[in-house]
Structures are given as C-alpha cells and as structure tokens.
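Have a look at the sequence and the structure, then read on.

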Amino acid sequence: MTARAAVIGAGPSGFYAADQLLKASVAVDLYDALPTPYGLVRAGVAPDHPKIKSVTRMYEKTAQHPSFRFFGGVEVGVDVTPEALLERYHAVVYAVGTPTDNRLGVPGDDRAGSVAATEFVAWYNGHPSHADATFDLSCERAVVVGNGNVAIDVARMLVLDPDELAGTDTADHAIAAFAAASVTDVVILGRRGPAQAAFTNPELRELGELARADVIVDPAELELDPASAAWLESDDASPTARRNMAMLRDFAARRPAGRSHRVELRFCRSPVEVLGDGDDGPVTGLRVARNRLEPDPRGGVRAVATSEHEVIPCGLVIRSIGHRGRPLPGVPFDERRGLIRNEGGRVCEEDGTPRVGEYAVGWIKRGPSGVIGTNKKCAADTVAGLLDDLAHGRLTDPLEVGDDAVEAWLRTRVAGLVTWGGWEAIDEHERARGAEASRPRVKLVRVPEMLAVAEQLRLSA
C-alpha cells in the first residue's frame with residue numbers, strides 16, 4: 001500500500017512539505033480552506049513585490065507530480081475533521097499558518113480605526129474573507145506599530161503613488177480606496193531600538209526609494225544604549241542589523257525633499273492607550289510611553305516603559321506585532337504561544353507524548369519567523385521525522401486511501417470542492433483579466449466567483 005499524507009494548508013510550508021514527501025514516494029493530497037493555493041504568497045506578499053511571488057513557479061512544478069492532488073475549499077474542522085482525515089491517510093501534516101494577530105492589550109484597542117495588519121494586508125491583497133472590509137483612510141496620519149517587514153509593507157502601501165499600484169495585482173477595491181485616501185503621514189513605531197529592528201535590508205532600503213514620500217529619522221532616535229552599542233560592535237551582531245543601522249543613519253542625514261508624503265521611524269516607544277472621543281468613538285490618537293533599554297538576563301536587551309509619555313495624533317492605528325494560530329478541533333494547542341503543540345514537528349500531548357500520524361510545519365509549528373525560504377528547512381525537518389516514523393511502523397493504519405474514494409467522500413461534504421484543474425482555470429481567468437489592463441492579474445476576491453470559474457472547467461471536462 002502506497003503511503004499517503006494529507007497536508008493541510010497550501011502556503012509555502014505546505015508546498016515544501018508536499019515536495020519533500022513526494023520525493024520520498026509518499027502520495028500527497030494538499031488541502032486549503034480557499035479555492036486558491038499559495039497562502040500568504042497570494043494574500044500576504046506586498047503586491048508591488050512580484051519577484052517574491054515568482055516562487056509559485058516552484059510550487060507549480062510540485063503540483064505536476066502524478067502523486068499530488070489539490071483539494072481547495074475544504075476547511076478542516078468545519079467540512080471535515082482531523083479524525084476523519086486520519087482514517088483515510090497514514091499521516092496528516094498541519095501547515096495552517098498563524099492567521100490571527102496579537103493585540104496591543106491597551107485601553108481603546110477595539111476602537112474603530114484600530115486594526116490588525118493581518119486584516120489590512122489581506123484586504124488589499126483580495127483575500128475573500130476580507131474583501132468586504134472597510135478602512136477609513138480619510139485621516140492625514142496613520143501609525144503602524146511594529147518593526148518588521150509587514151509594518152514596512154503596510155506603511156509603503158499607504159504612501160505609494162496610485163500609478164505605482166495600478167500595474168500590480170492589488171485588489172481593485174483597495175486600489176480605489178488608496179487613490180481616494182487622505183493619508184500623507186505614516187509613523188512606524190518600534191518597542192525597542194533601531195539595532196533590534198527586525199526589518200530585512202531590502203525592505204528598509206526600498207522605504208528610502210519611495211517616489212512621493214520622504215523618510216524621516218531624527219538622529220536622536222539612533223542614539224544607542226550601551227548594551228546595544230556593544231552588541232552591534234561584537235561578533236554576535238548580524239550583518240543585517242549592521243546594514244540596517246547604516247541605512248537608518250543615511251536616512252537621518254538626508255534633507256527632506258519636500259515630497260507630498262512622509263514616513264517617519266520612531267523607536268523605543270510602546271502604546272499605552274488608543275485615544276478617541278468617548279468610550280467607543282473612532283481613533284483620534286495614540287498615547288505612547290518612552291522606553292529605556294536594559295540588558296535582558298536571557299540575552300539581548302528588553303524595553304522598560306518610563307513615565308515619559310507622548311501623544312501622536314492620528315486617525316488610524318495598524319498593529320503589526322506578531323501573529324497567532326487558531327486551534328483546530330481535537331488537535332493539541334499551546335494557548336500561550338498560539339501554536340499547535342509539537343516537538344520537532346511531531347504533534348504531542350501536553351505531557352510530550354507524540355500523537356500518532358500528526359505533524360506540524362511552518363509558522364503553526366515554530367511561530368511567525370523568517371522569510372518564505374525559511375519554511376523549506378522547517379518542512380524538511382518535520383518530514384524527516386514523519387519518514388522515520390513511517391520506516392518504523394509508527395503511522396496510522398487508514399481504513400481507505402483509494403484516490404476515487406477520498407475525492408468522492410469529499411464531494412459529499414464540500415459542495416464547492418476545487419481541484420488543481422479548477423485552480424488553473426481561476427488562474428487563467430485572472431491573468432486574462434489582468435492582460436486587458438496591463439496588470440499581472442485581476443484577482444477574483446469572492447469565493448462564489450472563483451467556484452463559478454472552476455465549475456465551468458469541470459462541466460466542460
């Protein structure tokens with residue numbers, strides 16, 4: 001009997017896991033809750049970064065393997081249960097990512113105009129769950145809380161010239177909203193100092209190349225505490241951190257060119273309160289505490305709030321301070337970390353006992369860290385454990401694994417089941433619409449539209 005695995009989640013980690021399994025002669029069915037694959041490559045990468053999205057060509061090659069199938073539109077925990085999958089596969093690999101955001105945890109966090117970067121990014125990328133969201137962009141200033149690449153992406157999208165977006169696959173509704181936006185000033189806040197910022201060099205460099213926005217860094221923001229200065233000069237400091245500091249100093253030395261928009265970076269500040277009129281009025285500002293940095297006994301430095309506060313007037317607060325996973329019914333979940341409980345990718349009980357045939361990979365395994373390629377090694381490590389369990393007879397003994405039986409079972413439970421051929425029809429449709437407008441694609445942003453295109457292919461087959 002050929003071993004077969006179900007991989008849940010068709011983002012980068014899911015595809016890397018599928019590729020590793022297929023190379024080991026394990027047949028793979030790749031599931032996703034959406035009719036479309038690629039996860040955050042489709043719905044998270046900034047639309048003006050098409051080169052990053054080209055990684056999907058590798059995933060397309062994986063999908064051509066004769067032992068690969070895609071089942072889109074299947075939500076595990078709603079349409080099918082993990083237990084039902086374990087009855088039909090030797091192993092189930094969870095690659096579901098971390099789709100929810102961390103909260104600021106301060107008064108006013110729930111005001112209108114205080115939003116999660118996960119939602120904002122999904123909205124402008126055309127994710128069906130967020131296509132009907134609305135964001136009030138009529139204010140002059142927005143504050144983005146966070147010091148990672150997503151924070152820079154969000155800030156950049158807010159100040160890009162509409163002509164720069166017109167040739168991308170940004171969702172049509174977002175292009176229209178950005179064109180009508182009044183935001184001219186974006187402040188990016190970091191809890192710790194510039195030496196600890198998690199930006200990658202290309203993202204930070206790109207910020208300084210914006211066509212209609214000056215990048216503002218007060219030289220005083222770059223004065224390092226003794227611990228950070230010593231670390232930056234030591235062999236422990238990463239080349240990325242050193243280059244980031246060099247670029248920030250370059251920004252600070254620039255004379256503003258008087259462009260219509262500006263992006264300002266401020267460090268050592270933590271939100272204290274999201275301000276607004278009354279108890280439930282929309283955002284009017286963000287109160288922040290100045291932080292001092294102290295050596296952390298666990299290594300590095302930690303931010304400690306001081307009594308010095310300031311108010312940043314704004315009409316929009318976007319938090320980009322990390323993601324959390326959602327628990328799946330019946331799958332052990334670490335509530336503190338927001339991840340599936342696992343040891344080296346093997347899903348385990350609270351006492352560390354491994355669950356038979358269940359594995360985790362990607363962000364839901366290790367947390368939201370690294371770039372797209374980081375998931376390749378993560379997948380390889382998890383799959384190595386799975387293959388070792390397979391070799392030693394430690395996987396499940398499924399009742400049925402026949403190709404026809406599994407697909408027939410799914411069609412009784414999922415009215416809008418989409419196969420890889422269905423996705424290819426959606427892809428071709430979007431690209432054709434894009435060609436008419438000199439864009440890479442014009443995305444379908446609602447599931448019924450996607451299913452209608454996929455269904456036309458099935459009916460004509």
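## Salt bridges

Across the whole structure, a search turns up 43 salt bridges. Keep in mind as you explore that this is a predicted model. Side chains of opposite charge can pair when their charged atoms come close.

Start with Asp 153 and Arg 156, whose side chains form a salt bridge at 3.1 Å, N to O. The two are three residues apart in helix H7 (residues 149-159), so about one helical turn separates them. Are they buried or exposed? Both Asp 153 and Arg 156 are buried.

Next, Asp 109 meets Arg 103 in a salt bridge of 3.7 Å, N to O. Here Asp 109 is buried, because its relative accessibility is 7%, whereas Arg 103, at 42%, is partly exposed.

Now look at Glu 310 and Arg 290, joined by a salt bridge of 3.3 Å, N to O. Glu 310 belongs to strand E13 (residues 301-313) and Arg 290 to strand E12 (residues 283-295), so this pair ties together parts 20 residues apart in sequence. With 32% relative accessibility, Arg 290 counts as partly exposed.

## A network

Glu 310 and Arg 290 also belong to a network of salt bridges, which includes Arg 141, Asp 185 and Glu 221.

## A pocket with charged residues

The second largest pocket has a volume of about 420 Å³. Helices H2 (40-43), H3 (50-53), H4 (56-63) and H16 (420-436) each give two or more residues to its lining. Of the 20 lining residues, Lys 53, Thr 56, Asp 169, Arg 431 and Arg 441 lie nearest the centre of the pocket. The lining divides into 10 charged, six nonpolar and four polar residues.

Definitions and conventions:
Residues numbered from 1 in each chain as written. Predicted model: local features only at pLDDT ≥ 70, side-chain atom pairs only at ≥ 80, totals over all residues. Heavy atoms only, no water. 1 Å grid on protein atoms, 1.4 Å probe; cavity = no way out; pocket = protein on both sides within 12 Å on 5 of 7 lines; lining within 4 Å. Points joined across faces, edges and corners; volume = space filled by probe spheres on them. Helix = DSSP H or I, 4+ residues; strand = E, 2+ residues; numbered from the N terminus. Nonpolar A, V, L, I, M, F, W, Y, C, P; charged D, E, K, R; others polar. Salt bridge = Lys/Arg side-chain N within 4 Å of Asp/Glu carboxyl O. Buried < 20%, exposed > 50% of the residue type's maximum accessible area, 1.4 Å probe, protein only.
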